[in-house]
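Here is a short note to read beside the structure. Keep the 3D view open and find each element as it comes up.

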Amino acid sequence: MVLLRLLVLLFALVVSDLHSLSWFINVSESQGPGTVLQFFSFNCSSYTPTPTLELLNVQPPTTFFNPPSLARWQGTYVGKLTLSSSARLDALTVNHYKLWLKFTCGNYVTEGPLFVDVQRDLSHIQCAGQFASPAGEMIQVPETVRPGARLYILLLPGLELHGAQVSPEHGMVGDRMGAGGWRE
């Protein structure tokens with residue numbers, strides 16, 4: 001009877017974990033460091049050694065994901081995966097990550113993927129930093145720049161290239177979207 005109960009428990013553990021170790025989640029590119037991406041729930045009756053949840057691999061390679069944490073809560077182990085302090089999600093650069101996770105409970109080991117789809121957030125515009133030339137050096141604009149001279153090319157996510165010029169009428173930088181009174 002004890003052997004049968006042990007087999008039933010082991011079968012329940014195997015079935016629940018095999019089905020739970022394949023997840024698909026969507027995350028907005030506006031989510032930043034520390035954001036909880038996923039909670040995981042595992043049953044494990046083995047206390048020795050302590051169960052573990054590991055992040056084995058990320059494709060494409062990045063440091064945007066912290067190693068998962070695992071804690072015991074009301075008889076169940078709860079794992080948590082968060083974005084790391086280096087996370088800067090950009091759906092136009094990478095919109096799909098595949099994370100490979102491994103859960104160990106005593107002698108039982110199961111692995112599976114977590115698919116993370118990064119969704120565009122049109123209300124969240126990310127700046128690439130200071131303006132630089134294609135070669136990477138900083139652009140310096142002389143004080144004697146004439147009105148109407150092209151200063152830089154503005155790259156907007158999902159849009160074609162936009163030029164910027166100094167508007168003679170307003171003495172300010174404008175773009176093709178109408179700001180600053182720029183015209184062809």
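Two strands count as paired if DSSP finds at least two bridges between them. Keep that in mind for the points below. The model is predicted.

1. Start with the hairpin. Strand β4 (residues 69-73) and β5 run antiparallel, and five bridges join them. Leu70 has Gly79 in β5 as its bridge partner. Two residues lie between the strands of this β4-β5 hairpin. Look at Gln74 in the turn: its phi is positive, about 50°.

2. Now take the other partner of β5. Strand β2 (residues 36-42) pairs with β5 over six bridges, in the antiparallel sense. Here Phe40 stands opposite Gly79. So how covered is strand β5 (residues 76-82)? Mostly: five of its seven residues are buried.

3. Move to the open sheet. Four strands make it up, in the order β1-β7-β6-β3, and the pairing is mixed. β1 (23-28) and β3 (52-59) are the edge strands, and each pairs on one side only. On average, neighbouring strands of this sheet are turned by 25° against each other, direction ignored. β1 and strand β7 (residues 108-119) run parallel and share six bridges. Asn26 stands opposite Asp117 in β7.

4. Check Glu29. This residue sits in the loop between β1 and β2. Is Glu29 buried or exposed? Its relative accessibility is 5%, so Glu29 counts as buried; the cut-off for buried is under 20%. What does its side chain reach at 2.8 Å? The backbone nitrogen of Ala91. A polar atom of the Glu29 side chain also lies 2.9 Å from the backbone nitrogen of Asp121.

5. Turn to the rings. The whole structure holds six aromatic pairs. Phe42 and Phe103 are stacked, because their ring centres are 3.9 Å apart and their planes lie at 10°. Planes under 30 degrees apart count as stacked. This pair links distant parts of the chain: Phe42 is in strand β2 and Phe103 in strand β6 (residues 96-105), 61 residues apart. Both Phe42 and Phe103 are buried.

6. Compare a second pair. Phe64 and Tyr97 are edge-to-face, at 6.5 Å centre to centre with 65° between the planes. They too link distant parts of the chain. Phe64 is in the loop between β3 and β4, Tyr97 is in strand β6, and 33 residues separate them. Phe64 is buried at 16% relative accessible area. Tyr97 is buried at 4%.

7. Finish with the cluster. Ring pairs link Trp23, Phe40, Phe42 and Phe103.

Methods
Residues are numbered from 1 along each chain as its sequence is written. This is a predicted model: local features need pLDDT of at least 70, side-chain atom pairs count only at pLDDT 80 or more; totals for chains, interfaces and linings use all residues. Side-chain values use heavy atoms; hydrogens and water are left out. Buried means under 20% relative accessible area, exposed over 50%, partly exposed in between (1.4 Å probe, protein chains only). Axes are lines fitted to C-alpha atoms, for helices over the stretch in contact, and angles run from 0 to 180 degrees between N-to-C directions. A polar contact is a pair of N or O atoms within 3.5 Å; within protein, one must be able to donate a hydrogen and the other to accept it, and residues adjacent in sequence count only if both atoms are side-chain atoms. Rings of Phe, Tyr and Trp (its six-membered ring) pair if their centres lie within 6.5 Å; planes under 30 degrees apart count as stacked, over 60 as edge-to-face and the rest as tilted.
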